[in-house]
Amino acid sequence: MADLRVLVVGCGNMGASHAAAYQAMDGVTICGLVARGDSRHALNRQLGGGYALFADFASALAQTRPDAVCLTTYPDTHEAYALQALAAGCHLFIEKPLATSVAGAERVIAAARAARRQVVVGYILRHHPSWQRFVTLARGLGKPLVMRMNLNQQSHGQMWNVHRNLMQSLSPIVDCGVHYLDVMCQMTQAEPVSVSAIGARLSDALPADMYNYGQLQVRFADGSVGWYEAGWGPMISETAFFIKDVIGPRGAVSIVARQAAAVGASDNVDAHTRTESLRVHHATLDADNRFTDADEWIDCRDEPDHLALCRREQQFFLQAIRQGGDLNDHWRDAINSLRVVLAADQAVRSQSTVMLGGEQ
């Protein structure tokens, strides 16, 4: 079987990671690297050189005629580039979020169905064995669940440039929040029914209508509740950048990432998926109201690193193409997690709770 020819569009952090994953995989060949800035040259050098380089996506698509496109550009280009790729008959791997609006995301999926092409959205945590176990353990805690999660990033240097560019179109609670709303939905297996949120603009370097700190609170139909917090910028505190904690009637489970929580780690992409260990707390008491079971510590130090997780994502993508896997649930979940975080953004701007109607 001929190799799958992939055009990598966007050569920053995630584009470089996915390109390295493709280079290490059997059955895949990179046919070109696309970026408007110098990142395509830097990535070409990083990969050993010799790749076709393009500054324009449409030209690259026409000249390379790829089987698939890996799209890791800024979110405000996702819908238009995705539709171009699908119209050209390409399969598509697209970093989250799928689009900057629910309607845009639905247009992309409709185009994928019409073209009979596979679209995989980059929900990297779904491919992480420790996060998979985290979800499974959370489901054993009873209902309702209380889910506490954040990912604050004290960004500076090039990462502050990246974050400011991202915030031309999306706030932190939208861009990163889709990951963690997806996790919450997996844990509860219940319908989100309402979202409240707060936000603050902490830098004059941002558009006047954008905020770089936000927190959302979501309620589920089964009584579960969750909050997610995200802030980007040089002013963000490192004290509590990484909280992943779930509480239920039977106890609690937490990701305890001591090294990832070290000073300076919040700006490190590899730290964002790191678990290191899971702490499982059992709430059962004896007749004297003493705990009957000690907390369990599950060692996750052998977990895959960021590059290995990208390889897992791309193996899933390749398998979906080769075997024609059914991605309807994957598409539904990607749209619904986006629906919730966009409602949270609306809640920040309207200073009101947003009710979530329709199927989630």
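Please keep in mind that the model is predicted.

Let's start with the whole chain. Its secondary structure comes to eleven helices and 15 strands. The radius of gyration is 21 Å, close to the 21 Å that the globule rule gives for 360 residues, so the chain is as compact as a globular protein of that length.

In what order do the six strands of the open sheet stand? The order is β3-β2-β1-β4-β5-β6, and the pairing is parallel. At the edges you find β3 (53-54) and β6 (119-122); each has a single partner strand, so one side of each is left without a neighbour in the sheet. Further in, strand β1 (residues 4-9) runs parallel to strand β2 (residues 28-34), and six bridges join them. As an example to look up on your screen, Val8 has Leu33 in β2 as its bridge partner. Helix α3 (residues 57-64) packs on this sheet, where it touches β1, β2, β3 and β4 (68-71). The direction of α3 makes about 165° with that of β1.

Next, the helix pairs. Two packed helices are described by the angle between their axes and the distance between the axes.

Take helix α1 (residues 13-24) and helix α10 (residues 306-323): their axes come within 8 Å and cross at roughly 65°. That makes α1 roughly perpendicular to α10, and the crossing is right-handed. Who meets whom here? On the α1 side, the residues include Met14, His18 and Tyr22, and on the α10 side they include Leu307, Arg311 and Phe317. By class, this contact of α1 with α10 divides into eight nonpolar, four polar and two charged residues.

The other pair is helix α6 (residues 129-139) with helix α9 (residues 177-188). Their axes come within 9 Å and cross at roughly 40°, which means that α6 is oblique to α9. Here too, α6 passes α9 in a right-handed crossing. From α6, Trp131, Phe134, Val135, Ala138 and Arg139 meet Tyr180, Val183, Gln186 and Met187 of α9. Sorted by class, the contact of α6 with α9 has seven nonpolar residues, one polar and one charged.

How values were computed: Residues are numbered from 1 along each chain as its sequence is written. This is a predicted model: local features need pLDDT of at least 70, side-chain atom pairs count only at pLDDT 80 or more; totals for chains, interfaces and linings use all residues. Side-chain values use heavy atoms; hydrogens and water are left out. Axes are lines fitted to C-alpha atoms, for helices over the stretch in contact, and angles run from 0 to 180 degrees between N-to-C directions. Helices (H or I, at least four residues) and strands (E, at least two) are DSSP runs, numbered from the N terminus. Angles under 35 degrees count as roughly parallel, over 145 as roughly antiparallel, 65 to 115 as roughly perpendicular and the rest as oblique. A crossing is left-handed if the near helix is turned anticlockwise from the far one by less than a right angle, and right-handed if clockwise. Contact means heavy atoms within 4.5 Å. Ala, Val, Leu, Ile, Met, Phe, Trp, Tyr, Cys and Pro count as nonpolar, Asp, Glu, Lys and Arg as charged, and the others, Gly among them, as polar. Two strands pair if DSSP finds at least two bridges between them. The radius of gyration is taken over C-alpha atoms; the globule rule is 2.2 Å times the number of residues to the power 0.38.
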